[in-house]
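The sequence and the structure are shown first.

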Amino acid sequence: MSALLLDDDVFDSYVEAGRVAARVLGTGAGTIKAGVSILEVVESVEQMVTDAGAGLAFPLNLSLNEDAAHDTASIGDERFFIEGDVAKLDLGVHLDGYIADTAVTVDLGDHGLLVEASQRALEAAIALVRPGVTIGDLGRAIQQEIESRGFRPVANLTGHGLARYAIHTPPSIPNLSFEGGAALEEGMVFAIEPFASSGSGKVSEKPRVEIFQQISIKPVRLPSARKILEAVRERRGMPFARRWIPSERQDFALSTLIQQGLVRAYPVLADVPGSVVSQHEHTLIVTSDGCIVTTA
Ligand code: MN
Ligand code: MN
């Protein structure tokens with residue numbers, strides 16, 4: 001049963017973006033092994049998306065261990081996966097602006113129960129989705145699955161609505177139980193993304209920043225800054241990686257754009273040092289009697 005409140009073209013774009021995202025994420029995750037270059041995995045996943053005729057809704061996020069989100073390969077990144085790593089791959093694919101957002105965790109160590117916690121939390125939340133269920137109900141299911149395995153849900157990372165060219169729209173879908181909250185409605189498109197942590201269950205910003213987003217449009221004089229804006233114009237406000245933009249005086253150009261309120265930075269978000277975080281994510285469309293998981 002399709003979600004009747006979406007136009008056919010829009011519905012088809014969401015479903016096709018999801019199909020591409022699921023296939024590419026699965027293939028990319030399968031290439032992660034100790035000794036493999038992080039930059040090569042990131043570039044090959046991003047290439048698979050463009051080879052499929054789709055676009056990236058944001059740079060492939062590849063975040064290790066206590067880093068929960070917003071890391072990606074840097075220019076000339078020399079890091080390799082090592083034994084024991086827990087890698088989160090978070091992929092955003094769009095077709096004509098309609099986005100599929102999906103993530104998996106690859107465990108190169110012995111963190112099976114942690115990985116299971118975010119996986120089961122996602123499955124439990126998806127099983128509840130239908131019109132009338134509240135966001136608080138989803139948070140309760142997520143928290144229960146994670147805490148019953150001895151871990152903490154990350155309180156300050158949430159699922160979110162999706163809209164055309166917009167990767168985060170209301171409502172937020174918390175990974176914690178709460179009373180009430182908005183009720184789900186047929187035709188809503190959103191992502192559920194539980195994070196399970198062996199640490200504090202709260203993430204904070206690290207100094208490392210590799211992902212940025214243009215947040216307003218106004219003229220700039222600095223030539224290197226103008227070149228960056230030209231390079232990201234076709235992104236229509238979707239995030240971009242430092243790897244994707246001209247390197248000429250890049251740090252100065254980016255900090256100028258940030259100071260002028262044209263660009264925002266997405267610092268790496270991490271739980272406490274030495275902790276480990278897992279993540280799973282799917283995008284779904286609410287139907288009259290349940291949901292369609294576009295990224296399954
Ligand atoms: Mn995501
Ligand atoms: Mn997301």
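The model is predicted: local features require pLDDT of at least 70 and side-chain atom pairs count only at pLDDT 80 or more, whereas totals for chains, interfaces and linings use all residues. Residues are numbered from 1 along each chain as its sequence is written, chains are lettered from A and ligands numbered from 1 in the order in which they are written, and side-chain values use heavy atoms, with hydrogens and water left out.

**Metal sites**

Donors are defined as N, O and S atoms within 2.8 Å of the metal (3.2 Å for Na, K and Ca); water is not among the atoms, so sites may look incomplete. The manganese ion (ligand 1) is coordinated by D90 through two listed OD contacts, by D101 (OD) and by E281 (OE), at 2.0 to 2.4 Å. Along the chain, the donors of the manganese ion (ligand 1) are spaced as D-x10-D-x179-E. D90 belongs to strand 3, while E281 is in the loop between strand 13 (277–279) and strand 14 (282–286), so the pair ties together parts that are 191 residues apart in sequence. Helices (H or I, at least four residues) and strands (E, at least two) are DSSP runs, numbered from the N terminus. Both D90 and E281 are buried; buried means under 20% relative accessible area, exposed over 50%, and partly exposed in between (1.4 Å probe, protein chains only).

D101 and E193 are both buried.

**Salt bridges**

Side chains of opposite charge can pair when their charged atoms come close. With a salt bridge taken as a side-chain nitrogen of Lys or Arg within 4 Å of a carboxyl oxygen of Asp or Glu, the count comes to 16. The table lists examples, including the N to O distance for each pair.

| D71 | R208 | 2.7 Å |

The bridge between D71 and R208 links distant parts of the chain: D71 is in the loop between strand 2 (67–69) and strand 3 (86–95), and R208 is in strand 10 (residues 204–214), 137 residues apart. D71 is buried at 2% relative accessible area, whereas R208 is partly exposed at 27%. Salt bridges that share partners join D71, D77, R79 and R208 into one network.

E123 and R120 are three residues apart in helix 3 (residues 112–128), and therefore about one helical turn separates them. E123 is partly exposed, with a relative accessible area of 36%, and R120 is partly exposed at 35%. In the remaining pair of the table, R149 is buried at 18% and E145 is partly exposed at 23%.

**A residue of helix 1**

S13 is located in helix 1 (residues 8–30). Its relative accessibility is 14%, so S13 counts as buried. Leaving aside residues up to four places away in sequence, S13 touches L95 and Y98, where contact means heavy atoms within 4.5 Å.
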